Amino acid sequence: MSGRPRGRLRRLREAVGPLAAAVLVCGALTAPAAAATAADPACWLRPSEPHVDWTGMNFTGDMWCDLTPGSVRIQSRSTSPVVGKMLFSPRWFVCWKEGSDYMGNNIWYYTQGDQIVSSPTVKAWGYMPAVAVKAPQHPFPGLTQCPWS
């Protein structure tokens, strides 16, 4: 095998992150998935999924949910600096907290963005407003409240 595909894959990983690169590559190699039906849940809990945020805090469990791609903010306020971007859907969220009102809802979900926008040490960890998360209700039942809430 020549070195070209590896170089392209490495550049793809650097541009969008390892998880997003895997999704893009795997999606290109498999047949298109069937369209979601009304019976398919938009969100579900994964109680054993481990995550470690940029501060070293461990989380066990998350919510996997469809979302509208957008900004990840360092704090749960619409005026807070953007540290990351969500580029792909669905994605995971480890907890929720109350924050500033955003389009009629004050629930924000803590996650890690697909792309770092600023503050590289934060590694795109931050909050997305509930209106961007396609859950049937907010906060999503069974997802834990952030311990610092």
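**Close-up 1. Contacts of Trp54 in the predicted model.** Beyond residues up to four places away in sequence, Trp54 touches Tyr110, Thr121, Val122, Lys123 and Trp125, where contact means heavy atoms within 4.5 Å. Trp54 is found in the loop between β1 (43-52) and β2 (58-65); strands are DSSP runs of E with at least two residues, numbered from the N terminus. With 37% relative accessibility, Trp54 counts as partly exposed, a class between buried (under 20% relative accessible area) and exposed (over 50%), computed with a 1.4 Å probe on protein chains only. A distance of 8.5 Å separates the C-alpha atoms of Trp54 and Ala124, which are 70 residues apart along the chain. This is a predicted model, in which local features need pLDDT of at least 70 and side-chain atom pairs count only at pLDDT 80 or more, while totals for chains, interfaces and linings use all residues. Residues are numbered from 1 along each chain as its sequence is written, and side-chain values use heavy atoms, with hydrogens and water left out.

**Close-up 2. The sheet β1-β2-β5.** Three strands form an open sheet in the order β1-β2-β5, with antiparallel pairing; two strands pair if DSSP finds at least two bridges between them. β1 and β5 stand at the edges with a single partner strand each, so one side of each has no neighbour in the sheet. From one strand to the next the twist averages 40 degrees, taken between lines fitted to C-alpha atoms, with angles from 0 to 180 degrees between N-to-C directions. β2 and β5 are joined by three bridges. Trp64 stands opposite Trp92 in β5.

**Close-up 3. Phe59 and Trp125.** The rings of Phe59 and Trp125 are stacked, 6.3 Å centre to centre and with 15 degrees between the planes. Rings of Phe, Tyr and Trp (its six-membered ring) pair if their centres lie within 6.5 Å, and planes under 30 degrees apart count as stacked. Phe59 lies in β2 and Trp125 in β9, so the pair ties together parts 66 residues apart in sequence. Phe59 is buried at 7% relative accessible area, and Trp125 is buried at 3%. One aromatic cluster is formed by Phe59, Trp92, Tyr110, Trp125, Tyr127 and Trp148.

**Close-up 4. Tyr110 and the largest nonpolar core.** The largest nonpolar core has 29 residues, and Tyr110 is one of those with the most contacts inside it. Such a core is a set of buried Ala, Val, Leu, Ile, Met, Phe, Trp, Tyr and Cys residues joined through side-chain atoms within 4.5 Å. Leaving aside neighbours within four places in sequence, the contacts of Tyr110 include Asp53, Phe93, Cys146 and Trp148.

How values were computed: Helix = DSSP H or I, 4+ residues; strand = E, 2+ residues; numbered from the N terminus. Phe/Tyr/Trp six-rings, centres within 6.5 Å; stacked < 30°, edge-to-face > 60°.
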